[in-house]
Amino acid sequence: MTVATVMTNCPACCTPSSALTEVARLMVENDCGEIPVVEDLQGRKLAGVITDRDIATRVVATGRNSAEARAMDAMTSPAVSVHSDTSLQECCELMESHQIR
């Protein structure tokens, strides 16, 4: 089995300049805790990722104004990624070695 068999083909995504409130809304609407951050919405080249935990630890817990924050303020870059033809076993091993849930 490959990653293609379980992946979301066209996930919701944001850009580094997306408002954090928009990122959180995307998480709610798509029932997920991680949003890919792309350089621009047309090209969709991966620039990083942002998780609900990133928002909590890098913005909320530090007392920053989340209403003014952008994805770039909390995102992780570069992102660990694989191609769709990567085996699920290899993907799981990579996730484990990078402590990705």
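Predicted model: local features only at pLDDT ≥ 70, side-chain atom pairs only at ≥ 80, totals over all residues.

Residues are numbered from 1 along each chain as its sequence is written, and side-chain values use heavy atoms, with hydrogens and water left out.

Start with the largest nonpolar core, which has 15 residues. Such a core joins buried Ala, Val, Leu, Ile, Met, Phe, Trp, Tyr and Cys residues through side-chain atoms within 4.5 Å; buried means under 20% relative accessible area with a 1.4 Å probe, protein chains only. Cys14, Leu20, Val23, Met27, Ile35, Ile50 and Ile55 touch the most other members. Two or more residues come from each of α1 (20-29), β1, β2 and α2. Helices (H or I, at least four residues) and strands (E, at least two) are DSSP runs, numbered from the N terminus. α1 gives the most, four residues. Beyond four places in sequence, Ile35 is in contact (heavy atoms within 4.5 Å) with residues including Val23, Met27 and Ile50.

Thr86 sits in the loop between α2 and α3. Is Thr86 buried or exposed? Thr86 is buried, at a relative accessible area of 10%. The Thr86 side chain reaches the backbone oxygen of His83 at 2.9 Å. Setting aside neighbours within four places in sequence, Thr86 contacts Met1, Thr2, Val3 and Cys91.

Conventions: Buried < 20%, exposed > 50% of the residue type's maximum accessible area, 1.4 Å probe, protein only. Polar contact = N/O pair within 3.5 Å; in protein donor to acceptor, adjacent residues only side chain to side chain.
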